[in-house]
Amino acid sequence: MAIPIAILDCDLLLHGRGHKTLDRFDLDSVSDNFLLTTFGFPREFILYLVELLREALCRRTQRSRAISPEVQVLAALGFYTSGSFQSSMGDAIGISQASMSRCVTNVTKALAEKASEFITFTRDASSKEQSFLEFQRVAGFPGVLGVLDYVQVAIKAPNSEDCSYINKKGFHSIGCMLVCDARGLLLSAETHWPGALKDTDVLQRSDLHKLLQDTEDGWLLGDCRYPLKKWLMTPVSYPESPAEHQYNLAHDATHEIVDRTFRAIQTRFRCLDGAKGYLQYSPEKSSSILLACCVLHNASLKSGLDAWTLERTDPPEQPERLRQRPEDRDTEAEELRKQLIQRHFS
């Protein structure tokens with residue numbers, strides 16, 4: 001009886017039954033070094049990831065000759081960490097571009113669904129105290145809950161040529177607002193912003209703003225692109241006293257953690273590195289891929305891997321200073337920063 005073509009896998013059509021594809025790949029048959037260099041992670045973490053996503057991946061592949069969760073995870077990791085287009089990575093590991101695309105889509109969705117489990121901003125008393133201690137050890141800056149940055153990831157032009165994704169540098173991108181702790185663990189990752197939006201507009205519309213605007217115990221650190229708030233400490237624009245200079249030095253050294261963290265994420269996940277080319281997907285799917293990589297960053301950190309092992313050494317760009325109107329000034333925040341400088345940096 002003829003087999004309906006709808007249930008055949010593309011690899012079967014392309015290569016025939018004798019072709020060895022990754023649906024029969026045996027993790028035990030390859031070396032630790034092969035897994036690390038090809039897929040970017042050690043064996044133990046890959047096995048952990050397979051079990052974490054197994055149920056979701058099996059749900060999405062309930063069809064004849066479905067590609068196994070192990071293969072789907074390996075294919076997606078290969079794409080995330082190589083920065084190669086799906087066709088070249090598919091050729092390297094022995095599955096078709098169509099199958100590669102399905103694997104990346106399935107794993108990306110499964111990881112994005114795990115975001116709330118791995119990226120959390122806990123605000124209980126013990127977590128706050130731990131955060132204060134860890135950040136103060138960096139450069140002596142007290143009361144820090146996290147460090148904030150807004151980054152851009154290049155994408156292809158949307159089909160609709162939506163100008164809202166053209167950033168100030170003239171290329172299409174999605175914006176991502178990140179907050180991390182002193183170890184480089186992400187506390188917040190909002191990855192869905194059109195690249196043309198200003199940093200301040202993103203902050204004002206963000207879930208993070210809603211979460212922290214009433215915070216009275218502790219603050220985030222943001223660079224000079226952001227307005228000074230009671231819960232968001234920024235550098236002194238024109239420091240005059242030794243205490244203000246010392247405050248700025250401590251602020252810069254502490255805030256650098258989030259710059260280092262994103263550079264490390266881009267280095268590990270080369271699909272996000274603009275030097276390797278832009279993401280060849282819609283803004284929505286690009287946003288999901290970025291979020292999936294953020295989840296993987298946190299998952300690997302919680303599994304004992306170093307946040308900054310693969311950090312790039314090129315320095316971050318200097319941000320443009322916010323041009324704030326006098327009526328937008330927060331006088332309470334200015335007084336709070338003044339007291340902070342007098343108490344801790346004089």
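What follows is a chat about the strands, a helix, the nonpolar cores, the salt bridges and the cysteines of a predicted model.

Biologist: Before we start, what kind of model is this?

Modeller: This is a predicted model, and I will take its elements in turn, beginning with the strands.

Biologist: Okay, how many bridges join strand 1 to strand 2, and which way do they run?

Modeller: Strand 1 and strand 2 run antiparallel and are joined by eight bridges; within that pairing, Gln152 has Gly175 of strand 2 as its bridge partner.

Biologist: And what about strand 2 and strand 3?

Modeller: Strand 2, residues 173-180, and strand 3 also run antiparallel, with six bridges between them, and the bridge partner of Met177 is Glu190 in strand 3. The two strands form a hairpin with five residues between them, where Gly184 takes a positive phi near 90 degrees.

Biologist: In which sense do strand 1 and strand 4 pair?

Modeller: Strand 1 pairs with strand 4, residues 219-221, in the parallel sense over three bridges, and Gly146 has Leu220 of strand 4 as its bridge partner.

Biologist: How many residues of strand 1 are buried?

Modeller: Ten of the eleven residues of strand 1, which covers residues 144-154, are buried, so that this strand is mostly covered. In strand 3, residues 186-194, eight of the nine residues are buried, so the rest of the structure largely encloses that strand.

Biologist: How far apart are the end C-alpha atoms of helix 4, and what span should its 14 residues have?

Modeller: The end C-alpha atoms of helix 4, residues 69-82, are 20 Å apart, and this agrees with the 20 Å that its 14 residues should span at 1.5 Å a residue. Just after helix 4 comes Gly83, which takes a positive phi of about 75 degrees.

Biologist: Now the inside: which residues of the largest nonpolar core touch the most other members?

Modeller: The largest nonpolar core has 76 residues, and Tyr80 and Phe141 are the ones that touch the most other members. Helix 12, residues 283-302, gives the largest share of this core, with nine residues. Apart from it lies another core of 18 residues, including Met177, Leu220, Tyr226 and Leu232.

Biologist: What is Phe141 in contact with, leaving aside its neighbours within four places in sequence?

Modeller: With those neighbours left aside, the contacts of Phe141 include Phe135, Trp219, Leu221, Met233, Tyr247, His251, Leu340 and Phe345.

Biologist: Why would nonpolar side chains sit together like that?

Modeller: In soluble globular proteins, nonpolar side chains tend to be buried together.

Biologist: Let's turn to charges, then: how many salt bridges does the structure hold?

Modeller: The structure holds eleven salt bridges. One of them joins Arg183 and Glu134, whose closest N and O atoms are 3.9 Å apart. Because Arg183 lies in the loop between strand 2 and strand 3 while Glu134 lies in helix 8, residues 125-139, the pair ties together parts that are 49 residues apart in sequence.

Biologist: Is Arg183 buried or partly exposed, and what about Glu134?

Modeller: Arg183 is partly exposed at a relative accessible area of 48%, whereas Glu134 is buried at 17%.

Biologist: Which residue forms a salt bridge with Lys230?

Modeller: Lys230 forms a salt bridge with Glu332, the closest N and O atoms being 3.1 Å apart. Lys230 sits in the loop between strand 4 and strand 5 and Glu332 in helix 13, residues 331-344, so this pair ties together parts that are 102 residues apart in sequence. Lys230 itself counts as partly exposed, with 37% relative accessibility.

Biologist: Last topic: how many disulfides are there?

Modeller: The structure holds zero disulfides.

Terms used:
Residues numbered from 1 in each chain as written. Predicted model: local features only at pLDDT ≥ 70, side-chain atom pairs only at ≥ 80, totals over all residues. Heavy atoms only, no water. Helix = DSSP H or I, 4+ residues; strand = E, 2+ residues; numbered from the N terminus. Expected span 1.5 Å × (residues − 1). Buried < 20%, exposed > 50% of the residue type's maximum accessible area, 1.4 Å probe, protein only. Pairing = 2+ DSSP bridges. Core = buried A, V, L, I, M, F, W, Y, C linked by side-chain atoms within 4.5 Å. Contact = heavy atoms within 4.5 Å. Salt bridge = Lys/Arg side-chain N within 4 Å of Asp/Glu carboxyl O. Disulfide = S-S within 2.5 Å.
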